[in-house]
Structure formats: C-alpha cells, structure tokens
Amino acid sequence: MNICVFCSAAELDAVYTDAARAFAELLGKRGHSLVWGGSDSGLMKVVADGVQGAGGRLVGISVEFLRASARAGADEMIVTADLAERKALLLDRADAVVVMVGGTGTLDEATEILELRKHGMHAKPVVILNTAGFYDGLRQQMARMEAEGFLPLPLAKLVSFAEGAEEALELLGA
Ligand SMILES: C/C(=C\CNc1ncnc2c1ncn2[C@@H]1O[C@H](COP(=O)(O)O)[C@@H](O)[C@H]1O)CO
C-alpha cells in the first residue's frame, strides 16, 4: 500500500520518536511505501529513516518554498507550487492516511483530508495514531461534534483512532 503519513517537522521527545520509528519500521518491513511531505527534519525524518531502513519506498511531496529541506535519496520527490497542490497530491498518491503527532501543519492536512472524506470526495481510510494520548483532546472534541449533531455521518465512518503501530496498520488492512 501507499500510506500517507502526516506528522511533525519538529524535533521531539523520545516518547514520540520511538513510537514513530516503530510504526515506520513496521510499514517498511511489510513492504509498504511512505507518502509524506518530503522533508528531512524532525519526526518527518524519523519516519522516512525508519521506512527506508526497513526496505520501504519513499515518495516525497514537497512544496516550492520548502524545497531546500527536501530529503535527498527518496525514491521519488515531487515539488509542488503551493500547499493546496501538495495536499491534493499527497491524497492522490495514497491508499490510506495516518495522522501522527504534529502541530498546525499536521492538523491542517488532517482536517482537509477528513473534510474531503465527509463530502464523499474520497473513501481512503484515515487513522489517527494517538501516541501517548496526544490526540485525546481531539477525540473528545470530535465525539462532542458527533453527539451534538455537527457531523453528517457517524464519527467511526470518518476516522479511526489507534493507540499503537500494529493497531494502526490493522485498521488500514495493511
Ligand atoms: C524548514 C524547516 C522545517 C521544514 N518544515 C516542513 N517541511 C516539510 N513539511 C512541512 C514542514 N512544516 C510543515 N510541513 C507539513 O505539515 C506537516 C508538519 O507540520 P507541523 O506543524 O510540524 O505538524 C507535515 O506533515 C508536512 O507535510 C525548519 O524551519
């Protein structure tokens, strides 16, 4: 499978990097390809290193203003003109999406993919990897959206939450 991963570009604590490495190595060992933002920084680098080191393929979708931080040695590296084009291509090249811990960039990517799914523009599975309970707050917020009628479909049909790497890949059938 081509698995798109959204995750932080920041340098993070071992609780996050260890979990990201474990997920990436499993992805690579199972022969999947990583589709990601293409940067060689922070958790994005940890994931790319883990997948490549375990024999997986790397497909980077960078953007012109971040061209300088694109990873050398990816199997494919595409540079888009802007963030909107990049997000469209990240989804286009993926069979499934995993959202790992991240900041506003990750949240932007995740909500766009969920919004497109909500409107039936794609049916690719989306899993939020809830490392160390990082997304407990988001999960609670989404449960409230569902309970109070803000979602036009059951939350479970929009997104799944996984606590670890094995569960995330199982939810994707990967
Ligand atoms: C140039 C520096 C860092 C590089 N920054 C990014 N490189 C590539 N992709 C990025 C970068 N920042 C955001 N993205 C995309 O959003 C997600 C990460 O954002 P977050 O806010 O860190 O969670 C990630 O999935 C990327 O696709 C040094 O300044």
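Student: I'm looking at strand β5, so which residue stands opposite Val-5 there?
Tutor: Val-5 stands opposite Val-98 in β5. A quick note before we go on: this is a predicted model, where local features need pLDDT of at least 70, side-chain atom pairs count only at pLDDT 80 or more, and totals for chains, interfaces and linings use all residues. Residues are numbered from 1 along each chain as its sequence is written.

Student: How do strands pair up?
Tutor: In general, strands of a sheet pair through backbone hydrogen bonds, either parallel or antiparallel. Two strands count as paired if DSSP finds at least two bridges between them; strands are DSSP runs (E, at least two residues), as helices are (H or I, at least four), numbered from the N terminus. Here β1 and β5 run parallel, joined by 4 bridges. On to β6 (residues 126-129): 3 bridges join β5 to it, again in parallel, and Val-98 has Val-127 as its bridge partner in β6.

Student: What is the strand order of the sheet?
Tutor: It's an open sheet of 7 strands, ordered β4-β3-β2-β1-β5-β6-β7, with parallel pairing. β4 (76-80) and β7 (160-162) each have a single partner strand, so one side of each is left without a neighbour in the sheet. From one strand to the next, the twist averages 25° (axes are lines fitted to C-alpha atoms, for helices over the stretch in contact, with angles from 0 to 180 degrees between N-to-C directions).

Student: Are the β5 side chains buried or exposed?
Tutor: A residue is buried if 20 or more other C-beta atoms lie within 10 Å of its own, exposed if 12 or fewer, and partly exposed in between, with C-beta atoms placed from the backbone. In β5, Ala-96 and Val-98 on one side and Val-97 and Val-99 on the other are all buried. In β2, Ser-33 and Val-35 point one way, Leu-34 and Trp-36 the other, and all are buried.

Student: How do I read a helix pair?
Tutor: Two packed helices are described by the angle between their axes and the distance between the axes. The axes of α1 (residues 14-29) and α2 (residues 42-53) come within 7 Å and cross at roughly 35°.

Student: And which residues are closest to the ligand?
Tutor: Gly-37, Ser-39, Gly-102, Gly-103 and Gly-105 are the closest of the 17 residues that surround it (near means a C-beta atom, placed from the backbone, within 6 Å). Helix α4 (residues 104-118) gives the largest share of that shell, 4 residues.
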